[in-house]
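Trainee: I've got a fold open on my screen and would like to learn how to read it. Could you take me through a few features?

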Amino acid sequence: MKGRSTSMEGLPLLTKEKIEAILRARFDDGFKNLQDLPNPSDFHDMDRAADRIARAIEKKERIVIVGDYDVDGVVSTALMEEFFEIVGYQIQSLIPNRFRDGYGISPKIVDRIEADLIVTVDNGITAVEAAKRCKARGIDLIVTDHHTPSEILPDAFAIVNPKKNECGFAYPEICGAQVAWFLVGALKQRLGIDLKMGRFLDLLALAIVADVMPLLSINRPLVQRGLEMLSVSKRPAFEAVRAHLGKNRFTAEDVAFGIAPRLNSAGRMEDASLALRFLRAGSLNEASGGWLALDTLNQRRRRVEAEITEAAMAQADPADPVVVVAGEGWHEGVVGIVASRLVERFGKPAIVLSVDGGMAKGSGRSVGDVDLFALLEASRERLAGFGGHRMAAGLSVETDRIEGFRKTICAHAEKLDSSSFDPKESVLGELPLREVDWELMEILNRYEPYGAGNGRPKFLLRDIDVVDIRTMGSEHRHLGLSLASEKFFLDAVQFNFTQMVSIGQKIDLLGTFQINEFNGNRKIQLFVDKILR
């Protein structure tokens, strides 16, 4: 089913007052503060989990943390390591390797562990077989996760998950690291230790943004404070980030597009332990070396991603309501990113599978209000396994069943209303250039941080004169523009431009506004998303 494109006709003509009213309406429950955060005990099984961990510490039992290889899982693991370091208790942590171990805790992982207690972070909600293996070996298992539970839950000592039916936690749209952070809060209370929970917020902001959690409700103040801390954090990792990116102030977009891809590249290309060691680095020298290694992996990831994206685009059927593509030997570490590229291109959910002999593993990404997890659940008889949430999922399928799976998931998607496929982030309205000033930027800044659930406002600018143009970057892939309308002027930039314009031409543009700071100078700049004519 084809999603409907956003029309540029009939958009409201905006003023600063109208913009503020539209943005304020996004926060129907008002602005939350850190003081509004709920008690950790609001999670079902949280007290049981905290009591068991506290008992393990008191009895000097062996505790192992099992994380995940994305930013959320790595941050969750780093957070738990730091907590146990603070309380002076030695633990072990393990992040499964994407290529050797697959996702999350599994019987194979359990067999490698010598422990009395295993605590998962950002995984485990579908680990039914791993829980059985823990039982057989006499190991207590505590699952902390945020992914959508299936009908059958693992037989674990405790399961802490805001999406569990029994859970009364008021804010289910949180990431795995947040669940781990609330667990640390419960342990702080249980152990009676003096610990300021705010010390972890620089780490937590990375996970919330990287895992595309909506920046509304309690997520907003956590990310706000975390971004402020990133600017001054004494963690060697973040000192290295500031030095190498040349930035002292960070937005959620800086995390999403500058920091998170490098951290994710470790798990995508080699092993997530590289990202964990970077976040836990004890010196600036160690952290700087870790950042450079992650940057090299990220450059390699981008090259591999470009090759597979080209092949996937050629294979995709634009008529299908869910794009499903598969390729022999496609790099497992980038299939999720390629799926995102297909979503951007076709405006539909996309699933990209890497085929290895008789089995294919891959990732899916969704769009609009299409619940990808529900579509996979409805198609589960065609799958070997799956897990995830509404907007992103991982799955495995036998190679000879891929075509049947494609037909099945497309049949279910055909039943959805076409409006479900519409992108959630749309154009706010038409903005005259005369409205662009520092007062507008103050209004836009009030509703930071922007990201998932609170998209940076995108505007349409009509009949704008091109005063000057220049290409930028080593490969001249970026376009700098000087624009004017009546007596008002504006600088603009478009990255990876595909359409050249000429001086004197009148154009319509879609874009967002940000403040560009360089060498102590500040100016308003339009980041061009698309040139319409």
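Mentor: Happy to, and let's start with a term. A crossing is left-handed if the near helix is turned anticlockwise from the far one by less than a right angle, and right-handed if clockwise. Keep in mind that this is a predicted model.

Trainee: Which hand does the crossing of α7 and α8 have?

Mentor: Here α7 passes α8 in a left-handed crossing.

Trainee: What else do I need to describe a pair like that?

Mentor: Two packed helices are described by the angle between their axes and the distance between the axes. For helix α7 (residues 201-210) and helix α8 (residues 219-230), the axes come within 7 Å and cross at roughly 125 degrees. The two helices are therefore oblique to each other.

Trainee: Which residues of α7 and α8 meet?

Mentor: From α7 you have Leu-201, Asp-202, Leu-204, Ala-205, Leu-206, Ile-208 and Val-209. Facing them in α8 are Asn-219, Leu-222, Val-223, Arg-225, Gly-226, Leu-227, Met-229 and Leu-230. By type, the contact splits into eleven nonpolar, two polar and two charged residues.

Trainee: Let me try another pair. How do α12 and α13 cross?

Mentor: The axes of α12 and helix α13 (residues 335-346) come within 9 Å, at a crossing angle of roughly 50 degrees. That angle is why α12 and α13 also count as oblique, and their crossing is right-handed. On the α12 side, the contact uses Arg-301, Glu-305, Ile-308, Thr-309, Ala-312 and Met-313. The α13 side brings Ile-337, Val-338, Arg-341, Leu-342, Arg-345 and Phe-346. Sort them by type and you get seven nonpolar, one polar and four charged.

Trainee: Is Thr-309 buried or exposed?

Mentor: Buried means under 20% relative accessible area. Thr-309 has 12%, so Thr-309 is buried. Setting aside neighbours within four places in sequence, Thr-309 contacts Val-338 and Arg-341.

Trainee: What about Asp-116, how accessible is that one?

Mentor: Asp-116 sits at 23% relative accessibility, so Asp-116 counts as partly exposed. You'll find Asp-116 in the loop between α4 (107-111) and β3 (117-121). Leaving out residues up to four places away in sequence, Asp-116 touches Arg-52, Glu-61, Arg-62, Ile-139 and Asp-140. Asp-140 is 24 residues from Asp-116 in sequence, yet their C-alpha atoms are 6.3 Å apart.

Trainee: And how should I think about the inside of the protein?

Mentor: In soluble globular proteins, nonpolar side chains tend to be buried together. In this model, the largest nonpolar core has 80 residues. Those touching the most other members are Ile-53, Ile-63, Phe-84, Leu-206, Phe-278 and Leu-279. Helix α6 (residues 176-191) gives this core its largest share, nine residues. There is also a second, separate core of 32 residues, with Leu-431, Ile-464, Leu-481 and Leu-483 among them.

Trainee: Which residues does Leu-279 touch?

Mentor: Not counting residues up to four places away in sequence, Leu-279 touches Val-74, Val-75, Ala-78, Leu-203, Leu-206, Ala-237, Phe-238 and Leu-263.

Trainee: Which residues of α9 are buried?

Mentor: In helix α9 (residues 236-245), they are Pro-236, Ala-237, Phe-238, Ala-240, Val-241 and Arg-242. Their cover includes α7, α8, α10 (252-269), α11 (273-279) and α12 (284-315). Just after α9, look for Gly-246, with a positive phi of about 65 degrees.

Methods. Residues numbered from 1 in each chain as written. Predicted model: local features only at pLDDT ≥ 70, side-chain atom pairs only at ≥ 80, totals over all residues. Heavy atoms only, no water. Core = buried A, V, L, I, M, F, W, Y, C linked by side-chain atoms within 4.5 Å. Buried < 20%, exposed > 50% of the residue type's maximum accessible area, 1.4 Å probe, protein only. Helix = DSSP H or I, 4+ residues; strand = E, 2+ residues; numbered from the N terminus. Contact = heavy atoms within 4.5 Å. Axes fitted to C-alpha atoms, helices over the stretch in contact; angles between N-to-C directions. Parallel < 35°, antiparallel > 145°, perpendicular 65-115°, else oblique. Nonpolar A, V, L, I, M, F, W, Y, C, P; charged D, E, K, R; others polar.
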